[in-house]
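My plan is to look things up one at a time and write down what I find.

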Amino acid sequence: MSDAAILVVDDNPDHLELTVLALGECCTATDVATATDGVEALDYLFGRGAHADRDTRQQPRVVILDMKLVRMHGLEVLQAIRRNRLTATLPVVMHSSSTEKNDIAACYAAGANSYVRKATDFDELRRKMRQVHDFWLGVNERSRD
């Protein structure tokens, strides 16, 4: 999926599947790439490991990134994205169940473009993912470095 418009990163298989299903209502399956942890997400974005043959000049339009990942915390992933010239301007939407002010503030301080609280039911998730999709892929003008 080298031309995916959206990269979804979540280490919870149920959350990942539901997010992809919700996005599937507004885009095709080939528009969405997934990573099950932060290391895999960075490998995808930077063309390393299993993604060594991926053209890194073609980055997703947006990354939907879970904050509380087990292998590598979402904030660390976000910081790595911001430090790399290939991805420094890539929109990142933090997707977390946390409502803690400190968590939200930390995400924005690290360079998140948006913070979306995880939905409590599938209808809410569908609505939120439709809004994320429509804004970042339909309304937002991306940087063309």
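Which residue in β4 is the bridge partner of Leu 65? I looked it up, and the partner is Met 94. I must keep in mind that this is a predicted model.

**Entry 1: the sheet**

β3 covers residues 62-66 and β4 covers residues 92-96. Four bridges join them, and they run parallel. Next I traced the whole sheet. Five strands form an open sheet, and I wrote the order down as β2-β1-β3-β4-β5. The pairing is parallel. At the edges I found β2 (32-35) and β5 (114-117), each of which pairs on one side only. A reminder to myself: strands of a sheet pair through backbone hydrogen bonds.

**Entry 2: the cores**

What does Leu 65 touch beyond its neighbours within four places in sequence? My list has Val 9, Gly 74, Val 77, Leu 78, Val 92, Val 93, Met 94 and His 95. Leu 65 also turned up in the largest nonpolar core, which has 27 residues. Leu 7, Val 9, Leu 45, Val 63, Leu 65 and Met 94 touch the most other members there. At least two residues of this core come from each of β1, β2, α2, β3, α3 (74-83) and β4. I then found a second, separate core of 17 residues. Among its members are Ile 6, Cys 27, Ile 64 and Trp 136.

**Entry 3: α2 and α3**

I turned to the helices. α2 (residues 38-46) lies across β1 (6-9), β2 and β3. It runs at about 160 degrees to β1. How do α2 and α3 pack? Their angle is about 15 degrees, and their axes are 9 Å apart. Angles under 35 degrees count as roughly parallel, so I call α2 and α3 roughly parallel. Their crossing is right-handed. From α2, the contact uses Gly 38, Leu 42, Leu 45 and Phe 46; from α3, it uses Val 77, Ala 80 and Ile 81.

Then I checked burial in α3. Gly 74, Leu 75, Val 77, Leu 78, Ala 80 and Ile 81 are buried. Their cover includes α2, β3, β4 and α4 (101-109).

**Entry 4: α1 and α5**

I looked at another helix pair. The axes of α1 (residues 13-23) and α5 (residues 122-139) come within 8 Å and cross at roughly 60 degrees. That angle makes α1 oblique to α5. The crossing is right-handed. On the α1 side I noted Leu 18, Thr 19, Leu 21, Ala 22 and Leu 23. They meet Phe 122, Leu 125, Arg 126, Met 129 and His 133 of α5.

**Entry 5: two threonines**

Is Thr 56 buried or exposed? Thr 56 sits in the loop between α2 and β3. Its relative accessible area is 17%, so it is buried, as the cut-off is under 20%. Leaving aside neighbours within four places in sequence, Thr 56 is in contact with Leu 45, Phe 46, Gly 47 and Leu 86.

I finished with Thr 28, in the loop between α1 and β2. Thr 28 has 46% relative accessibility, so it counts as partly exposed.

Technical notes. Residues are numbered from 1 along each chain as its sequence is written. This is a predicted model: local features need pLDDT of at least 70, side-chain atom pairs count only at pLDDT 80 or more; totals for chains, interfaces and linings use all residues. Side-chain values use heavy atoms; hydrogens and water are left out. Two strands pair if DSSP finds at least two bridges between them. Contact means heavy atoms within 4.5 Å. Axes are lines fitted to C-alpha atoms, for helices over the stretch in contact, and angles run from 0 to 180 degrees between N-to-C directions. A nonpolar core is a set of buried Ala, Val, Leu, Ile, Met, Phe, Trp, Tyr and Cys residues joined through side-chain atoms within 4.5 Å. Buried means under 20% relative accessible area, exposed over 50%, partly exposed in between (1.4 Å probe, protein chains only). Angles under 35 degrees count as roughly parallel, over 145 as roughly antiparallel, 65 to 115 as roughly perpendicular and the rest as oblique. A crossing is left-handed if the near helix is turned anticlockwise from the far one by less than a right angle, and right-handed if clockwise.
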